[in-house]
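Me: I have a model open here and would like to talk through the labels attached to it. Could you take them one at a time with me?

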Amino acid sequence: MAGKQLTSSSLARARAASPRGLLAAGSLLLLLLLAASYSLLLSPSSPGGLASPSSGPGSAADTAFLASLDRFLASPRRSAPSAAAPGDLDAAIRAEEEARLYGGGAWPAAPAPLRVYVYEMPSRFTYDLLRLFRDSYRETSNLTSNGSPVHRLVEQHSIDYWLWADLIAPESQRLLKNVIRVQRQEEADIFYVPFFTTISYFLLEKQECKALYREALKWVTDQPAWQRSEGRDHVIPVHHPWSFKSVRRFVKKAIWLLPDMDSTGNWYKPGQVYLEKDVILPYVPNVDLCDSKCVSETQSRRSTLLFFRGRLRRNAGGKIRSKLVTELKDAEGIIIEEGTAGADGKAAAQNGMRKSLFCLNPAGDTPSSARLFDAIVSGCIPVIISDELELPFEGLLDYRKIALFVSSNDAVQPGWLVKYLRSIDAKRIREMQSNLLKYSRHFLYSSPARPLGPEDLTWRMIAGKLVNIKLHIRRSQRVVRESRSDS
């Protein structure tokens, strides 16, 4: 993770031994057959199939943040008539839930779509911030305190844009059927707060940002639905670990959308984040998808055993990086490089990953790193060295099929990591590469959001929390506060 920019901007303006032998011809043929079979499965002509990541609604333009944002802001304002909260919202919600429960038919019924009420917040929290980002994107060369490009950081944490843009799109344009937007608050399972906390953190002056955070906090906590549940059924995107930080303690019961969970206390205070309440979302990849055609073309060129390109020194848990550099810098078949910003840096990282069997993924300033998702969409098997890491959608995905997990203690032992990687047989490598091709769609945000994409999996994870959310809401309404906890 990177720090605050050096210079700030106002809301009115922002400134800007080679392992090649492991993969013989027979191995390549098997991988191509697996890729072709999977592409057929995803073909729109297949019954129940999903669109291929390289065609249809999931074309490259639809997964590019800036291109999608340009189209979004150029289209008519997406608003819908939302009814005000009833005078007795709690009674209305109870009546709606009882109607669902006792409305006839077998119980439990088939899972119903998750019903999301999207707040119509004032434009200073939503559209104005998106325009600020869009209008300052091409002119800025602003960097954070450790040299990271500000606007690229906003992009890799832009989960708030992708989720909101899909939720408010006309239903006829949406592909997701397991989550629907409702206009009446009493019908809602979940309330979505569309505030762009990351853009405001990076592109506003410090005091201006804090003032906007306070305004957003007051606006949200004044809502009847928030006051009824104390925010337990509200979703707030806080995907950069510094975003919304000055007011987090007032919204700690809400569902936070996070990049990871840091147990050291450097980023989140104890008790603010935990898996039972919150959801981990992937970063937006910085490199292009290596699809089935790309995989077949690059397979014979993956001659590097292990690749890493990025910041070689980080703070907190990321200190493991400097130790790994010392251990691996002179090893045969391994490339360790200092990262650079901009188009050249992206091209170098993308080319390096596509020429490598394994990609090193150590902790950054926080346990997670965007590099993990770059490796996945590049077809490069991640080697994860981050003992405190929590992963996106792990209740739905088995990361052991696509990644290797190595403890920090083992990784820095002389010669241990290289020996371990060279011991992995060709059959397992082929299986993991094939799984990477399948799993990549789970980490590609798009407009419209696609089934089994990260937006879809986010709502599936939240739907799985509903019963526990309702338990704590109802318990809090009856518990005598002085007698026991009502968390």
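Reply: Happy to. Please keep in mind that this is a predicted model.

Me: What makes a set of residues a nonpolar core?

Reply: The members have to be buried residues of the nonpolar kinds Ala, Val, Leu, Ile, Met, Phe, Trp, Tyr and Cys, joined through side-chain atoms within 4.5 Å. The largest such core here has 120 residues, and those with the most contacts inside it are Phe72, Tyr192, Phe195 and Phe358. Helix 7 (residues 159-167) gives the most to this core, namely seven residues. At least three residues come from each of domain 1 (65-75 + 86-95 + 107-284 + 449-476) and domain 2 (292-443). There is also a second, separate core of five residues, among them Phe307, Met353, Cys359 and Cys380.

Me: Which residues is phenylalanine 195 in contact with, leaving aside neighbours within four places in sequence?

Reply: Phenylalanine 195 is in contact with Met121, Phe125, Leu129, Asp160, Ser200, Leu212, Tyr213, Ala216, Pro237 and Phe244.

Me: Which residues of helix 5 (residues 127-137) are buried?

Reply: They are Tyr127, Leu129, Leu130, Leu132, Phe133, Arg134 and Ser136. What covers them includes helix 3 (65-74), helix 6 (150-156), helix 7, helix 8 (197-203) and helix 9 (206-221).

Me: Now an arginine. Why is arginine 228 called buried?

Reply: The label rests on area alone: the cut-off is under 20%, and arginine 228 has a relative accessible area of 15%, so it is buried. Arginine 228 is in helix 10 (residues 224-229). Not counting residues up to four places away in sequence, it touches Leu89, Asp90, Ile93, Asp233, Ile473 and Gln477.

Me: How do you know that threonine 326 counts as exposed?

Reply: Exposed means over 50%. Threonine 326 has 58% relative accessibility, so it is exposed. It is found in helix 12 (residues 320-328).

Me: What makes alanine 112 exposed?

Reply: The comparison is with the 50% cut-off again: alanine 112 has a relative accessible area of 56%, so it is exposed. Alanine 112 is in the loop between helix 4 (89-102) and strand 1 (114-118).

Me: Are phenylalanine 393 and leucine 452 buried or partly exposed?

Reply: Phenylalanine 393, in the loop between strand 10 (381-385) and strand 11 (404-405), is buried because its relative accessible area is 1%, under the 20% cut-off. Leucine 452, in the loop between helix 17 and helix 18, has 21% relative accessibility, so it falls between the 20% and 50% cut-offs and is partly exposed.

Me: Where is the cis peptide bond from serine 447?

Reply: It runs from serine 447 to proline 448, with omega near 5°. Proline 448 lies in the loop between helix 17 (426-439) and helix 18 (454-463).

Me: Last one: what makes up the lining of the second largest cavity?

Reply: By class, the lining has seven nonpolar, four polar and no charged residues. Among the lining residues are Asn361, Pro362, Phe373 and Leu389. Strand 9 (356-362) and helix 14 (371-377) each supply at least two lining residues. The volume of this cavity is about 60 Å³.

Notes. Residues numbered from 1 in each chain as written. Predicted model: local features only at pLDDT ≥ 70, side-chain atom pairs only at ≥ 80, totals over all residues. Heavy atoms only, no water. 1 Å grid on protein atoms, 1.4 Å probe; cavity = no way out; pocket = protein on both sides within 12 Å on 5 of 7 lines; lining within 4 Å. Points joined across faces, edges and corners; volume = space filled by probe spheres on them. Helix = DSSP H or I, 4+ residues; strand = E, 2+ residues; numbered from the N terminus. Nonpolar A, V, L, I, M, F, W, Y, C, P; charged D, E, K, R; others polar. Buried < 20%, exposed > 50% of the residue type's maximum accessible area, 1.4 Å probe, protein only. Domains from an automatic or database assignment. Contact = heavy atoms within 4.5 Å.
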